[in-house]
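I want to look up a few side chains and jot down what sits next to what.

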Amino acid sequence: MTSENYGSFGFLQSGSLTDEPLVLLDFGLEKRQNETYDYDNANRDYSGYLFQYTLDGQGVFERQQHTESLPAGRAFFVHVPEENRYFLPADRPDAYWEFLYVHFRGEAALPFFDRIRKAFGPCFSLPQDSLPVLLWLNLHREIREGRQLKSYEGGELVYRFLTALLRTLEAPSLPEPSPAVAAALHYMKEHFSDRFSMDELADSLGLSAAYFTRLFARETGQTPLACLTGIRLSRAVFLLLNTSLGMEEIALSCGFSCGNYFCKVFRKASGVSPSEYRSRNGRQRRPVHL
């Protein structure tokens, strides 16, 4: 990356709201080399949430007397003030740290921050072509070219970043499925209303049930049965919100053995019964003719 690509951008109050739920304060691309770069987040005149992602080189993150290297693809996410520190190694004259950082504030960030820290800790890995990273890299380029953010757009961008970050961490991108798994997915989507077992599906693909389950889980992140159940439940939600069909009719049309079993699976997935879900979320609308 050339020197003209580096730089930070700060943002003032973006609208008339005095207490916006999310506010983008500043972000930028920086490269630190041959200098002292060391910040203790417990003692600095800097508050809010800080996300910093290594593009090249390497930095160090220290927390509770534990240090972790941050090479390319690694990031940290903290809430300042906080008992941690990040720095460029001072004992290596050739060391450098090229990174993207984002600084923001707002009470709407707390649920995302708490979830990410609890599940993944302060440091984690992200692909450089993932949406949470590309969002800021693209915005940095656009602002260098003259783009101006509109009112409240900074907060909107932060929200998109937080949702994309959590989604990427919880469901990392997976490679293209093998022909067998792709065929299984296609069959599930086309025949979810039919009654069939995973053993039967595996046999139709010329695979043992055990191997098929391992292969499917490795390539999709879930078991074949969980995937099929998700497809069936998605269709059931559509029917609940868009038709007046009863529970037994919905169950059978979605591949469940009966209404009682459908209600049990739906409650386990959503926390409420199908009837309660329809009552809470449904609207008066003309029935969809299927």
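**Rings and neighbours**

I began with R85: its charged end sits over the ring of F87, 3.9 Å from the ring centre. (That label needs NZ of Lys or CZ of Arg within 6 Å of the ring centre and within 35 degrees of the ring normal.) I found R232 over the face of F196 too, at 5.7 Å from the ring centre.

Ground rules: this is a predicted model, where local features need pLDDT of at least 70 and side-chain atom pairs count only at pLDDT 80 or more, while totals for chains, interfaces and linings use all residues. Residues are numbered from 1 along each chain as its sequence is written, and side-chain values use heavy atoms, with hydrogens and water left out.

Next I looked up aromatic pairs, and the structure holds 28. (Rings of Phe, Tyr and Trp, the last by its six-membered ring, pair if their centres lie within 6.5 Å; planes under 30 degrees apart are stacked, over 60 edge-to-face, the rest tilted.) Y49 and F104 have ring centres 5.5 Å apart and planes at 20°, so I noted them as stacked. Y49 is in strand β4 and F104 in strand β8, 55 residues apart. (Strands are DSSP runs of E, at least two residues, numbered from the N terminus.) Both Y49 and F104 are buried, meaning under 20% relative accessible area with a 1.4 Å probe, protein chains only.

Y86 and W97 have centres 6.4 Å apart and planes at 80°, so that pair is edge-to-face. I read 3% relative accessible area for Y86 and 0% for W97, so W97 counts as buried.

Conventions. Helices (H or I, at least four residues) and strands (E, at least two) are DSSP runs, numbered from the N terminus. Buried means under 20% relative accessible area, exposed over 50%, partly exposed in between (1.4 Å probe, protein chains only).
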